[in-house]
Amino acid sequence: MIHVIAIITAKPGKRDEVLKNFKANVPAVHAEKGCVEYGATVDTDGGPFAKFGPDTFVVIEKWETMDDLKAHGASEHMKAYAAKNKDLLANRAVHVLQNA
């Protein structure tokens, strides 16, 4: 199992727009071969925990194989999603992990 944690930081005030684009793309990703989980998360309200902040969301993904993840990254719908958000993002950090 391949796990991906993608930390996406939008330009100030643009997170909602990026999340709208993300949510529109989710059905195409869920239809991909090997997609086990793919969804966006944001900070919870309250509590003493560390926060990513109002411009950041975290994508949590699970893929059956590395080849499935590579195909996901090369898909036409992901290229279109990246192009749509290019000018809206301040930073993007993608961490790819596997079970220990």
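**A chat about the sheet, helices and pocket**

Modeller: Before you ask anything, keep in mind that nine bridges join β1 to β4, and that these two strands run antiparallel. This is a predicted model.

Colleague: Which residue of β4 is the bridge partner of I7?

Modeller: The bridge partner of I7 in β4 is A93.

Colleague: And how many bridges join β1 to β3?

Modeller: Strand β1, residues 2-10, is joined to strand β3, residues 56-63, by eight bridges, and the two run antiparallel. Among the residues that are paired across them, I5 has I60 of β3 as its bridge partner, while I2 has W63 of β3.

Colleague: What about α1 and α3, at what angle do they pack?

Modeller: Helix α1 (residues 15-30) and helix α3 (residues 76-85) pack at an angle of about 175°, and their axes are 10 Å apart. Angles over 145 degrees count as roughly antiparallel, and α1 and α3 are therefore roughly antiparallel to each other.

Colleague: Which residues make that contact?

Modeller: From α1 the contact uses V18, N21, F22, N25, A28 and V29, and from α3 it uses H77, M78, Y81, K84 and N85. Sorted by class, the contact of α1 with α3 has six nonpolar, four polar and one charged residues.

Colleague: Last topic, the largest pocket: what is its volume?

Modeller: The largest pocket has a volume of about 460 Å³. Its lining is made of 19 residues, and of these E61, H72, M78, R92 and V94 lie nearest the centre of the pocket.

Colleague: Which elements supply at least two residues of that lining?

Modeller: At least two residues of the lining come from each of β1, β3, α2, α3 and β4. By class, the lining of the largest pocket has 13 nonpolar, three polar and three charged residues.

Technical notes
Residues numbered from 1 in each chain as written. Predicted model: local features only at pLDDT ≥ 70, side-chain atom pairs only at ≥ 80, totals over all residues. Heavy atoms only, no water. Axes fitted to C-alpha atoms, helices over the stretch in contact; angles between N-to-C directions. Helix = DSSP H or I, 4+ residues; strand = E, 2+ residues; numbered from the N terminus. Parallel < 35°, antiparallel > 145°, perpendicular 65-115°, else oblique. Contact = heavy atoms within 4.5 Å. Nonpolar A, V, L, I, M, F, W, Y, C, P; charged D, E, K, R; others polar. Pairing = 2+ DSSP bridges. 1 Å grid on protein atoms, 1.4 Å probe; cavity = no way out; pocket = protein on both sides within 12 Å on 5 of 7 lines; lining within 4 Å. Points joined across faces, edges and corners; volume = space filled by probe spheres on them.
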